[in-house]
Amino acid sequence: MNTGSGDRTGVAGGACSGTPWRDPKQQPFIEVRSLTKRFGDFTAVNNIDLHIYRGELFTILGGSGCGKSTLLRMLAGFEEPSEGRILIDGLDITDMPPYERPVNMMFQSYAVFPHMTVEQNIAYGLKKEKLPRDTVRQRVKEMLELVQLPELARRKPQQLSGGQQQRVALARALIKRPKVLLLDEPLAALDKKLREQTQFELMNLQDQLGITFVVVTHDQEEAMTLATRIAVMRAGSFVQIGTPSEVYEFPRNLYVADFFGSINIFDATVISWENQDITVELDGTGTRIQTRHPKTLASGSRCQVGIRPEKVLISKKPPEGAGQTVTRGVVQDLAYYGNRSIYRVRSEAGRVIQVSAQNYQRSAELLLEWDDEVFLSWDSSCSVVMTE
Ligand SMILES: Nc1ncnc2c1ncn2[C@@H]1O[C@H](COP(=O)(O)OP(=O)(O)OP(=O)(O)O)[C@@H](O)[C@H]1O
Ligand SMILES: [Mg+2]
């Protein structure tokens, strides 16, 4: 599970240092206004507003069919919006053909030319621009190294694996150094290790060249690792836009919470809300929790309280300290993963709570066993209240 440590906001020296989206004086580089795409009476993209800032690596995350590719294709100019406008660097490009836009796109079904070698495929975009031969050769060499294909430069696509073909497509999209690069599932065909490596290469490249990336993915870990911000998309709309740690730590609703790893959910009732301080009461146990919630909630209204498994402490002795939510239970299941263990604990109220604990000690010294009676506790401020 990723804990949002990949949050890239405030990276010193990065192309997108700081948090321009929090500064109302900053001009967005890409501005999407009330964008809608209908296919017949089906709405694939529904009235989306979006601001992306220069040098961001913005990811769009969502399940299959939620409209990610359609949105990207409209940005690239391959799909005409039913309504709305798209601006890049202040210029309205909605009616501009794809080749005039300062944008390059790598498609989900990456197209490489079958009759050209890897090298020729990568060089294609630059050759068309009639750049000097040496420049082309140098840039192709850089790209081949970037995607780790130098020794396959003379092969044709049918002599490559799916993942290798995808890397050729990625190199082809990058070599023209566009202002905006749209990548639709760019790393989907790569194996885990190469994907992680390429993720870091993408981030480095973006820092070096200052390209603004918009990356579509359905892999939440990838989004967490890469993104300055993530937009979670569902059925043509954005459910939440935020930094990796915001969407992880403060999911707006269950859909977002569930999308980013495991979470324990409790049904609850709002007792009071004042100036963002909220008190809720958990069903069943009547346990009261005080935490923060940005939006006004009426007393008596229903909500859910979420707590991530790694925020829950498990111990044999009662925990000490104030501001804790505490419950007792019995270890029902445990799984050892080397660096951490996952416990499933049946609480007094009869529900199962998942706990993810770092293994500070060696396994032989692990103290907890099946059927042990334990205390579970967490800092109440780590609870997140959700209402949708
Ligand atoms: N040309 C088209 N005509 C009709 N419906 C379309 C067309 N293109 C896309 N759709 C529909 O619009 C919806 C969004 O499609 P889109 O390709 O944007 O999804 P996606 O989020 O990229 O999904 P995936 O993760 O599977 O690639 C889908 O329900 C799809 O069937
Ligand atoms: Mg798609």
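This is a predicted model: local features need pLDDT of at least 70, side-chain atom pairs count only at pLDDT 80 or more; totals for chains, interfaces and linings use all residues.
**Figure 1. The pairing of strand 15 with strand 19.** Strand 19 covers residues 373-379 and runs antiparallel to strand 15. The two strands are joined by 3 bridges. I314 has L376 of strand 19 as its bridge partner.

**Figure 2. Helix 2 and the helices against which its buried residues pack.** Helix 2 comprises residues 118-128. Its buried residues are V118, E119, N121, I122, A123 and L126. An α-helix has 3.6 residues a turn, so residues three or four places apart point the same way. The buried residues of helix 2 pack against helix 3 (133-146) and helix 4 (162-174).

**Figure 3. The backbone just after helix 2.** At this position, K130 adopts a positive phi of about 60°.

**Figure 4. The setting of these views within the protein chain.** The protein chain contains 8 helices and 20 strands. Of its 388 residues, 39% are buried. Along the principal axes, the C-alpha atoms fill a box of roughly 75 × 50 × 40 Å. Among contacts between residues at least 6 apart in sequence, 66% join residues at least 24 apart.

Conventions. Residues are numbered from 1 along each chain as its sequence is written. Chains are lettered from A and ligands numbered from 1 in the order in which they are written. A residue is buried if 20 or more other C-beta atoms lie within 10 Å of its own, exposed if 12 or fewer, and partly exposed in between; C-beta atoms are placed from the backbone. Helices (H or I, at least four residues) and strands (E, at least two) are DSSP runs, numbered from the N terminus. Two residues are in contact if their C-beta atoms, placed from the backbone, lie within 7 Å. Two strands pair if DSSP finds at least two bridges between them.
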